[in-house]
Amino acid sequence: MALAQQLSRALRPRPVPSPSAAATALLTSASPLPLRHFLQLHAHLLRTGVLPLDHTAASAFLSLAAASLPSLRALAVVQHHLTPASVPSTLCCNSILRSLPESDALSFLRRMRALGRRGNAFSLAILLKPSCTLAHARQLHANVVAEGHLGDALLATSLMRSYATCGAGESARKVFDEMLIKDTVAWNVLITCYVRNKRTKDTLKLFDEMRRSESEAGPDEVTCILLLQACMSLGALDFGEQIWEYAMEHGYGGELKVRNSLITMYTRCGCVEKAYEVFCGTPRKTVVTWSAMISGLAANGFGKDAISAFEEMSKSGVAPDAQTFTGVLSACSHSGLVDEGFRFFDMMRYEYQMMPNVRHYGCIVDLMGRSGLLDEAYTLVVKEMRVAPDATIWRTLLGACRIHGHVDLGEKIISHLIELKAQQAGDYVLLLNTYATVGDWKKVADVRKLMKENGIQTTPGCTTVEVNGELHEFVADDDSHPRKAEIYSKLDEINRHLRIAGYVPNVSSELHDLDSEGKGCALTYHGEKLAIAFALLVMPQRRPIRLAKNVRVCVDCHNFTKVFASVYNRLVIVRDRTRFHHFEGGQCSCNDYW
């Protein structure tokens with residue numbers, strides 16, 4: 001009897017779940033559904049008449065639609081099923097806003113507000129995505145003000161971040177000034193904004209402003225990293241050391257990211273010895289730490305030391321990454337170590353199975369250009385590279401054409417830059433220098449005419465020198481410095497001593513149509529020379545003169561600084577747009593190739 005009852009229960013048909021129950025199970029899924037599955041669910045809900053659903057299920061369906069459908073279809077489906085009876089909660093609306101792209105999210109916000117759901121400050125913060133346009137940010141800013149949300153710190157910092165991404169630094173500062181409570185995050189966002197928009201001098205001023213602020217917010221680990229990055233950009237060694245001193249005093253000195261940034265800051269300021277001290281004092285060196293040291297040694301011309309560091313890293317069990325190989329390959333190119341460069345290039349490809357990126361190929365092109373293998377380098381770029389060449393590779397090869405006077409190839413490279421729509425005024429200057437190297441002044445004049453007709457203007461060369469934490473800027477024929485009379489007098493004195501020692505202005509560096517005497521006069525007061533004269537006035541004898549330039553060092557200033565370093569027995573460290581130059585005893589670490 002008992003057996004018969006069990007068989008009867010086993011054979012009895014099981015109840016089939018209702019369509020509503022199956023749909024509800026899928027709707028409660030926290031993750032987006034694959035498109036095919038979502039479309040099946042949607043069709044099922046329509047076919048079984050489950051839609052319109054109850055309020056809770058409707059909210060779940062709208063959230064799932066926004067998350068699962070492609071951007072072109074998500075808004076249409078959400079808008080179709082959004083009715084006065086099915087308006088989701090503010091929490092659910094925020095979830096939908098987070099899933100939709102920028103323009104669709106704004107349309108959905110308008111619709112939900114028209115149906116009576118206003119949202120909250122977090123709704124606006126979600127719309128302030130990193131990719132939003134300036135017009136979008138300003139529209140949302142108006143909403144923030146109109147709805148009285150300026151006191152919301154999260155929303156205000158999101159708005160600042162959006163303005164920073166759009167390059168609207170003044171608007172970001174305005175939002176910051178209007179904030180009632182400025183926490184450390186807000187300060188860091190403003191610093192990031194200034195760094196991103198290359199307002200590095202203003203960035204450094206924020207550190208003092210932040211410390212003087214009456215609020216309890218003070219610089220933290222992130223602040224220190226951001227400010228060290230700003231110091232890298234300007235070559236502001238003294239200020240960078242103030243940041244490091246603050247970090248040590250407040251317990252951030254042991255943080256690995258801070259130490260890595262400090263290593264990079266020191267090397268970017270040409271202070272390799274101090275960078276190495278920090279590196280040696282870092283107990284747990286990651287691949288980032290090793291790469292920072294290797295790249296720093298490379299940029300400063302210490303190629304063999306960079307290779308030794310790479311080998312030491314391998315022995316320590318830390319595997320190199322793409323950035324490490326960029327560093328060691330650039331070390332080989334900057335120091336002319338051709339065989340070693342190709343050895344590391346092969347090691348990366350075959351031993352570590354890494355696909356070279358455009359930067360790695362750029363180092364090899366630079367290495368070949370240094371060796372005079374210009375045609376072979378051109379063949380590598382146009383026929384053998386597995387990635388598309390970028391403008392930087394073409395400029396590297398163009399620079400080699402200037403050094404070797406390869407006019408025909410230089411003209412080809414300009415045409416490639418034009419094809420990429422990436423040509424810059426500096427590229428034409430390199431071509432001008434190439435023509436000047438071979439004495440073809442007619443083509444120099446032709447290119448100058450072309451630049452004038454097309455409105456192509458060169459970036460004014462600017463040289464900065466830091467003295468006691470304050471940055472002084474100089475351009476050619478600068479008359480803005482308060483000590484200009486002393487500076488020009490000192491430079492005239494320097495020129496007299498250097499001419500006695502054999503310095504002769506390199507007139508090929510002056511590309512205007514002047515006679516030799518006129519060209520020599522035009523070269524006399526370049527910004528780098530004025531900066532050196534000022535440094536000589538104010539700096540102690542034993543202290544290195546550290547300069548930072550926004551453009552490549554011209555040939556004449558390079559020759560001038562070599563002779564100056566010898567005559568005045570000074571170490572001069574110049575960071576230009578491409579590398580470091582350590583001038584000492586009449587020699588330069590670049591071996592006259594840059």
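**Exercise 1.** State the strand order of the open sheet and find its edge strands.

*Solution.* The model is predicted, and local features need pLDDT of at least 70, side-chain atom pairs count only at pLDDT 80 or more, while totals for chains, interfaces and linings use all residues. Residues are numbered from 1 along each chain as its sequence is written, and side-chain values use heavy atoms, with hydrogens and water left out.

Step 1. The open sheet has six strands in the order β2-β1-β3-β4-β5-β6, with mixed pairing. Strands (E, at least two residues) and helices (H or I, at least four) are DSSP runs, numbered from the N terminus; two strands pair if DSSP finds at least two bridges between them.

Step 2. β2 (470–474) and β6 (587–588) each pair on one side only, and these are the edge strands.

Step 3. β5 (residues 580–584) and β6 run antiparallel and are joined by two bridges. In this pair, Phe583 stands opposite Cys588 of β6.

**Exercise 2.** Locate His149 and list its contacts.

*Solution.* Step 1. The loop between α9 (134–146) and α10 (153–165) holds His149.

Step 2. Contact means heavy atoms within 4.5 Å. Not counting residues up to four places away in sequence, His149 touches Asn120, Ala121, Leu124, Val144 and Leu155.

Step 3. Leu124 is 25 residues from His149 in sequence, and their C-alpha atoms are 9.3 Å apart.

**Exercise 3.** List the contacts of Met265.

*Solution.* Leaving out residues up to four places away in sequence, Met265 touches Leu228, Cys231, Met232, Leu237, Gly240 and Glu241.
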